[in-house]
Amino acid sequence: MTNSPLTLIEVESLARDAHEGQTDKAGRPYAEHLAAVAEGVRLRGGSPEQQAAAWLHDAIEDEALSLTWLDAAALPQTVKDMVLAVTKRPGEAVELYAARILATPGALLVKEADLAHNADPVRLSVLDGPTRERLSVKYANIRSLLGLTAP
């Protein structure tokens, strides 16, 4: 049995459902971050596959969806590859993480949009000082490793 690939609207709905009840560090519904990253990918000229990966970019890392689900999902392999590329593994060195993103076609644009939203000054402004500083340094480091200029 062959399933037709999920549409972008279906992927968005799945991602929203999977992250239901989750919030970001500022207490906002997590789906707002996913929507912002997907829109960032679209505005940067990303393909529908990259937009689908943006909707799913944190699903495995946040355990909203499983690797088994992703493996069986009716998605192009390119989408699965991008999702896996941007999924940080526990204890993984940031250099290995960056290398995997750079080695996976399409993944860099997804991560660029993710970092741009994560580092949004308005988003960071609601966090306490130490958290804001820690995250700003973390985001600058990964941007440097990926060869991205400041947002």
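Which residues have the most contacts inside the largest nonpolar core? Select L56, L75, V83, V110 and L146: they have the most contacts within this core of 41 residues. A nonpolar core is a set of buried Ala, Val, Leu, Ile, Met, Phe, Trp, Tyr and Cys residues joined through side-chain atoms within 4.5 Å, and buried means under 20% relative accessible area (1.4 Å probe, protein chains only).

You are viewing a predicted model, where local features need pLDDT of at least 70, side-chain atom pairs count only at pLDDT 80 or more, and totals for chains, interfaces and linings use all residues. Residues are numbered from 1 along each chain as its sequence is written, and side-chain values use heavy atoms, leaving out hydrogens and water.

Next, colour the helices (DSSP runs of H or I, at least four residues, numbered from the N terminus). At least two core residues come from each of α1 (8–18), α2 (30–43), α3 (48–56), α5 (77–85), α6 (94–103), α7 (107–118) and α9 (129–146).

Now zoom in on L56. Beyond its neighbours within four places in sequence, L56 is in contact (heavy atoms within 4.5 Å) with V11, A15, L65, W69, L75 and V83.

Move on to α6 and α9. Their axes, lines fitted to C-alpha atoms over the stretch in contact, come within 9 Å and cross at roughly 50 degrees. Show V94, E95, Y97, A98, I101 and L102 of α6 with N141, I142, L145 and L146 of α9 to see the contact.

Last stop: select Y97, I101 and L102 in α6, which meet A107, L108 and K111 in α7.

Note on methods:
Buried means under 20% relative accessible area, exposed over 50%, partly exposed in between (1.4 Å probe, protein chains only). Axes are lines fitted to C-alpha atoms, for helices over the stretch in contact, and angles run from 0 to 180 degrees between N-to-C directions.
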